[in-house]
Amino acid sequence: MAHSGRVLIAADKFKGSLTAVEVAEHVTAGLRRERPDLRIEALPVADGGDGTVAAAVAAGFERREVDVTGPLGATVTAAYALREDTAVVEMAEASGLQLMPPGVYAPLTATTYGTGEVLLAAIAAGARTVVLGVGGSATTDGGAGMLQALGADFRDEDGDPVAHGGGPLRDMVSADLTGLDDRLKDVRIVLASDVDNPLTGPEGAPAVYGPQKGAGEQDVAMLEAGLARFAEVLTTALGPEAARAAESPGAGAAGGIGFGALVGLGAVFRPGIEVLLDVLGFAEALDRADLVITGEGSLDEQTLHGKAPAGVAAAARAAGKPVVAVCGRITIGKPELEKAGIDAAYPLTSVESDPAVCMAEAGPLLERIAAQVAADRL
């Protein structure tokens with residue numbers, strides 16, 4: 001039990017209910033209901049997926065907006081975050097499922113072109129280190145669209161530019177990356193993702209994530225062929241390092257945009273939460289804390305494999321700081337929690353058994369849970 005009064009809230013969003021910023025606000029309110037004297041620091045976190053830019057802005061980055069090409073080709077407004085010469089780019093802002101009309105999917109034609117345009121905007125604004133958070137994509141184009149926006153030239157057998165999306169990549173016969181924006185040579189790209197899938201194969205982007213983007217069995221086969229062809233042509237153009245990149249952890253992230261970043265931009269792959277904790281200044285905030293509160297909507301097996309709460313807990317445990325988690329629901333047991341470095345978990349379902357009510361009234365319920373944390377742990 002922690003007896004002092006310095007608390008660090010480093011939780012991710014409750015997907016479908018609360019943003020990470022809102023989670024921190026409600027936890028703060030609940031803690032203060034029980035302990036008005038607490039010194040509370042909020043550092044909303046993300047693992048590279050949707051909410052990454054918002055977490056950076058909450059940590060003091062400047063929010064910038066730019067009009068870019070959305071996943072269906074229409075113009076959308078995408079945000080990125082900038083502080084000095086470091087930018088945080090969230091590909092879901094430009095190429096995410098969140099931008100698709102309800103019930104509409106375009107697994108074969110959705111493009112990452114807009115993500116490339118956001119990268120260009122960040123570089124033009126002075127960024128020399130870019131954290132590219134990938135997740136929540138509507139796309140399975142291997143990052144081809146992103147590279148085209150940055151100056152790459154991909155052609156089919158008729159000499160025409162390859163059309164947008166993962167499906168048309170099957171027709172690609174040549175790749176020329178010499179036209180990539182010269183400024184990229186002076187920019188370090190960090191690929192931040194919570195998945196380590198390769199580009200293709202049984203664990204690759206089309207097979208594992210294609211169905212989430214509306215791809216049927218035939219679509220998955222077409223996307224698999226397209227990405228395999230993309231990797232083959234880039235290997236011919238760039239050498240065997242492209243083939244190795246296709247097999248690398250993270251190549252299959254966000255519909256294969258990881259591959260495009262690794263082979264085309266020389267990106268370095270790192271687990272998303274580790275990157276974000278570094279960028280957000282988590283270590284310094286951790287030093288000031290007696291208790292860390294992390295969490296996300298669902299604490300489950302996925303949490304243990306690179307999600308934000310696991311990353312927060314690992315860093316806190318290494319620093320000898322106690323950690324508790326708040327969540328909407330939990331499907332793992334105490335042994336798994338302890339192995340992850342989480343001392344205890346407080347799900348909303350402990351005070352409200354109806355999951356629908358938990359989703360609809362997540363904020364007030366979270367305040368009740370946070371008051372219980374204060375009573376138990378402070």
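This is a predicted model: local features need pLDDT of at least 70, side-chain atom pairs count only at pLDDT 80 or more; totals for chains, interfaces and linings use all residues.
Visitor: Where does L337 lie?
Guide: L337 is part of helix α13, which covers residues 334-340.

Visitor: Is L337 buried or exposed?
Guide: L337 is buried, because its relative accessibility is 7% and the cut-off for buried is under 20%.

Visitor: What is L337 in contact with, leaving aside neighbours within four places in sequence?
Guide: L337 then touches L299, I330, I332, I342 and A345.

Visitor: And how far apart are the C-alpha atoms of L337 and A325?
Guide: The separation is 9.3 Å, for two residues 12 apart along the chain.

Visitor: Change of topic. How many salt bridges does the structure hold?
Guide: There are 16 salt bridges in the structure.

Visitor: Which residue does R64 form a salt bridge with?
Guide: The partner of R64 is E62, with 2.8 Å between the closest N and O atoms. R64 counts as partly exposed at 28% relative accessibility, and E62 is partly exposed at 40%.

Visitor: What about E65, which side chain does that one meet?
Guide: E65 pairs with R63 in a salt bridge, at 3.0 Å from N to O. E65 counts as exposed at 51% relative accessibility, while R63 is partly exposed at 46%.

Visitor: How far apart are the closest N and O atoms of K185 and D182?
Guide: They are 3.6 Å apart, in a salt bridge. Both K185 and D182 are exposed.

Visitor: Which residues do salt bridges with shared partners join into one network?
Guide: D12, K13 and D50 are linked that way.

Methods
Residues are numbered from 1 along each chain as its sequence is written. Side-chain values use heavy atoms; hydrogens and water are left out. Helices (H or I, at least four residues) and strands (E, at least two) are DSSP runs, numbered from the N terminus. Buried means under 20% relative accessible area, exposed over 50%, partly exposed in between (1.4 Å probe, protein chains only). Contact means heavy atoms within 4.5 Å. A salt bridge is a side-chain nitrogen of Lys or Arg within 4 Å of a carboxyl oxygen of Asp or Glu.
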